[in-house]
Amino acid sequence: NPTLLSHYHRGTAAAARLSAAFRCVSTGSLTITEPLNFWAGQRKPGQKGHKEHVYEPATGRILCHLEPCGAAEVNQAVEAAKKAFINWSKLSGMERGRVMIEAAHLIEGKREEIAEMEVVNNGKSITEARLDVDSARLCIEYYAGLASTLAGQHVQLPGGSFAYTCREPLGVCAGIGAWNYPFQIAAWKSAPALACGNSMVFKPSPVTPVTAAMLAEIYAKAGAPEGLFNVVQGGQETGSLLCQHPDVAKVSFTGSVPTGRKIMEMASKGVKPVTLELGGKSPLLIFKDSDLENAVKGALMANFLSQGQVCSNGTRVFVQRDIFPEFVSEVVKRTQAIEIGDPLLESTRMGALVSRSHLHKVLGFVEQAKKEGATVLCGGEPFVPSHPKLRGGFYMTPCVLGDCRDEMTCVKEEIFGPVMSVLSFETEEEVLRRANDTTMGLAAGVFTRDVRRAHRVVEQLKAGSCFINNYNITPVEVPFGGFKTSGIGRENGQVTLEYYTQLKTVYVEMGDVESLF
């Protein structure tokens, strides 16, 4: 019996695990037969007669068929979340934390299985996918610990009267995820929501729908009440139904700036709070006194993680003119050495882009850059792996662009692929002005040995997540989010508890009422 991964030139252990987990069969094309929606404690079908292809980026083959949710299915999922919220919100933080810790333990035990399925559905390397699963687990552990710390304030007032505040859950929260970190984003959104006593209905990207359902099953197995974490599949229509549902109290979205604007508009009709983690066109500033080895590694990490499909990537690399030739030479050499291919192989460092249409979009940016005068120093071309089963996959060579100018499309617009634009600068004042000349402000980075300069520069960078002498490091204990059109609110860190609770103030009178009437 052929299994889901039988076309890969690896051992069969991973294939056997995935086959058991998803009851995969091969019927001419690769198919996951279980429904990908989940509410009320079990997997559910979507709209009858509606099916959409989901592709495996590494091969270009059909992986499964997604059944999107319409109004009836979204209503059922929200109703299940409402019922779960009643009991979950009444538990103590310690009791909620125990369930979440158990979920983290289950994720740890299924680390390899989840990572391999993430690779199959997303196309990123197995090395990165394991780290994503670890991040999801750590996030759930972190908020499990914070669940019992929710507290208010006591304010003493004249005459023995006093007031106090308390944080209360919002209710049913909607989470809408992106396709670049499917499992991790589902955890990043659900963990603080559940810790605060909320329930959640989560909609993954229709491009990467598979692993969110795995997380739903893990929460259920960990002892969460039925309906606490639900998954509805679909595209824009499903997302709109979720955002505008009268029983959804809050929306948390990760994705593009245009979609974020639409979600904010929809949520405003119900005066619902939103958390938006949107796009970026982030600058990376490399001064001449930098440790060159670390600066080069930082630039590669800032551009080529997950095939460049990372919203915080530092894709505008500003290098001080004194070290520009040496830096560019080393970056190009190491970029050309990146191993591209089967993302399930341990040696692979760059897998496939998420879809054929996205691959063509990214390659189009490279062609546009050339037309506008940029020089392709390396890469920027379609890549065809040698293994015949992978030749239909969505691969390209990582690209470094030279001779870039600030007004070029490749420098101004988010490409969301493995394309680095390198620019030179002379002075600190100049590079700060150019770095901040963007409507977005998700992240920024600076490499320098001068501690005073590092802090001085970071203070002036208009970005929500800044890095000094490193890049794309996102510990779950640290808030992550952007300025300007890059978003509202934060993911991770203690501050996120404020975005999943509402503050109640109570005044207690200890004397008589002083009336004017």
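Mentor: Let me begin with pairing, since two strands are said to pair if DSSP finds at least two bridges between them, and helices (H or I, at least four residues) and strands (E, at least two) are themselves DSSP runs, numbered from the N terminus. This is a predicted model, in which local features need pLDDT of at least 70 and side-chain atom pairs count only at pLDDT 80 or more, while totals for chains, interfaces and linings use all residues. Residues are numbered from 1 along each chain as its sequence is written, and side-chain values use heavy atoms, with hydrogens and water left out.

Trainee: What makes E13 and E25 a pair, and which residue is the bridge partner of Leu-276?
Mentor: They are joined by 2 bridges and run antiparallel, which meets the requirement of at least two bridges; in E25, Ile-488 is the partner of Leu-276.

Trainee: In which sense do E12 and E13 pair?
Mentor: Strand E12 (residues 248-254) pairs with E13 in the parallel sense, over 4 bridges, and Thr-254 stands opposite Glu-277. Between E12 and E13 the chain passes through helix H9 (residues 257-269), in a β-α-β crossover that is right-handed, a term meaning that, with the strands pointing away from the viewer, the path from the first strand over the helix to the second runs clockwise.

Trainee: Why is Glu-277 called buried?
Mentor: Buried means under 20% relative accessible area, exposed over 50%, and partly exposed in between, with a 1.4 Å probe and protein chains only; Glu-277 has 7% relative accessibility, and therefore counts as buried. Glu-277 is found in strand E13 (residues 274-277), and UniProt, in an unreviewed entry, places the feature "active site" at Glu-277, although such annotations may be inferred rather than shown by experiment, with feature names shortened and positions given in the numbering used here.
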